[in-house]
Amino acid sequence: MIELNEIRLNSQSLLLNDNVVKSSILPRVASELERDVIIKGDTIIEGAVYAKHFEIENGILEVQGAVFTHIELHVNTDAKGSAIFRKAVGSAVSIVSIAPGYRIIFQGDLNAKQVKLRNAFVSGSIFADEIVLEDCVVIGGVFASLNLEINNSIIGTFNAPLATISKVIHLLLPSAFTVEKINAIPGTRLYNLSLADLGSLFKGTEQSKNSGKIKMSMKEDELKSVLRSEDTQQIIRSYTVIGKVLAADLLDLDKFKNHFLLTAASLGSQLLKTYDLGIESGIEGKTLTIENISNFFFDILTGKIDIQEISGDFSMKEIVEKFS
């Protein structure tokens with residue numbers, strides 16, 4: 001790769017192909033506020049980026065600093081390769097990556113008016129007016145102020161006035177929230193992974209007997225709450241298995257290392273060292289890198305890793321006996 005120690009140019013577009021940029025790409029004069037950054041091939045940017053448009057045409061990209069665009073961050077629909085953004089990414093208008101042949105990893109939060117992602121892994125949370133996700137993994141929350149659409153994805157939790165879900169949806173946290181009832185496309189299945197033994201699955205060892213995914217009913221697991229103030233009133237619907245999770249904690253089932261795994265995914269490059277989940281039964285420990293964690297959750301998403309299903313029911317007798 002060709003090293004670029006300093007960016008100086010007169011045109012309105014910066015084309016990068018087989019480059020290592022050793023500095024940030026930030027405007028120094030008013031005219032550079034209109035500059036576009038176009039990735040045409042393999043590129044590493046070691047600093048932060050500001051651009052009017054940030055476009056990825058092809059190749060492998062790594063951006064080690066934060067990114068902000070005045071208009072759009074966009075991946076061409078025919079792009080091939082992968083990208084990893086080590087810090088937060090924001091846009092005044094949109095973040096769009098729907099290329100089926102492009103895998104993109106965001107290690108921080110995303111913030112824009114519109115976010116459309118396919119085949120993406122997000123360590124943090126997504127904040128936008130409108131969000132569309134397909135075949136994605138989001139460790140944190142998905143927060144839409146207007147509309148949310150989720151297709152075949154793993155999500156920490158979500159909160160939106162209007163939400164449409166389809167295919168198979170997995171929640172990592174016990175609850176998700178909407179204002180209106182969830183619009184579920186016929187055939188949609190909603191599962192909760194709060195009691196799944198993710199630690200054992202990550203290491204490739206046998207799942208704990210009482211662990212597994214819980215199939216959620218959008219009718220039976222819905223709770224409606226009315227929030228009131230002096231002059232306003234709002235209805236919030238929560239879809240939750242929190243009672244089953246709390247009961248499981250009382251039965252001492254919180255030993256799956258789920259929190260450790262998800263925290264390692266969300267902290268990413270902020271961790272000062274690389275951890276693993278230990279060695280058991282002669283199986284070598286697997287390091288908790290963002291790439292390993294991303295591949296693990298996509299294996300769950302595609303069905304390569306199968307999580308056993310449990311009802312989530314519990315016995316009060318067992319709980320009483322535990323503390324008697």
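**View 1. Lys-40 and its salt-bridge partner Glu-57.** Lys-40 is partly exposed, with a relative accessible area of 37%; by this scale, buried means under 20% relative accessible area, exposed over 50%, and partly exposed in between (1.4 Å probe, protein chains only). The side chain of Lys-40 forms a salt bridge with that of Glu-57, at 2.8 Å from N to O. A salt bridge is here a side-chain nitrogen of Lys or Arg within 4 Å of a carboxyl oxygen of Asp or Glu. Distant parts of the chain are linked by this pair, 17 residues apart: Lys-40 lies in the loop between E4 and E5, and Glu-57 in the loop between E6 and strand E7 (59-63). Glu-57 also counts as partly exposed, at 24% relative accessibility. The model is predicted: local features need pLDDT of at least 70, side-chain atom pairs count only at pLDDT 80 or more, and totals for chains, interfaces and linings use all residues. Residues are numbered from 1 along each chain as its sequence is written, and side-chain values use heavy atoms, with hydrogens and water left out.

**View 2. The chain as a whole.** Five helices and 25 strands make up the secondary structure listed for the chain; helices (H or I, at least four residues) and strands (E, at least two) are DSSP runs, numbered from the N terminus. Of the 324 residues of the chain, 48% count as buried. The chain exposes about 15700 Å², of which carbon and sulfur atoms supply 51%; accessible areas come from the Shrake-Rupley method with a 1.4 Å probe, and for residues only the protein chains shown count as cover.

**View 3. Further salt bridges.** The structure holds seven salt bridges. One of them joins the side chains of Lys-22 and Glu-46, at 3.0 Å from N to O. Lys-22 sits in the loop between strand E3 (19-21) and strand E4 (36-39), whereas Glu-46 sits in the loop between strand E5 (43-45) and strand E6 (49-56), 24 residues apart. Lys-22 is partly exposed at a relative accessible area of 36%, and Glu-46 is partly exposed at 32%. Another salt bridge connects the side chains of Glu-32 and Arg-35, at 3.9 Å from N to O. Glu-32 and Arg-35 are both buried.

**View 4. Helix H3 and its buried face.** Helix H3 spans residues 258-267, and its buried residues are Asn-258, Leu-261, Leu-262, Ala-264 and Ala-265. Seen down the axis of H3, these residues fall within an arc of 155 degrees, so they line one face of the helix; the arc is that of the directions from the helix axis to the C-beta atoms. The buried residues of H3 pack against strand E17 (137-160), H1 and helix H4 (290-302), where contact means heavy atoms within 4.5 Å.

**View 5. Strand E22 and its two partners.** Strand E21 (residues 189-192) and E22 run antiparallel and are joined by three bridges; two strands pair if DSSP finds at least two bridges between them. Tyr-191 has Lys-215 in E22 as its bridge partner. E22 also pairs with strand E25 (residues 309-310), in the parallel sense and over two bridges. In E25, Ile-310 stands opposite Ile-214.

**View 6. Asn-210 beside Ile-310.** Asn-210 is placed in the loop between helix H1 (198-203) and strand E22 (213-216). Asn-210 is partly exposed, with a relative accessible area of 45%. From C-alpha to C-alpha, Asn-210 and Ile-310 are 7.6 Å apart in space, while 100 residues separate them in sequence.
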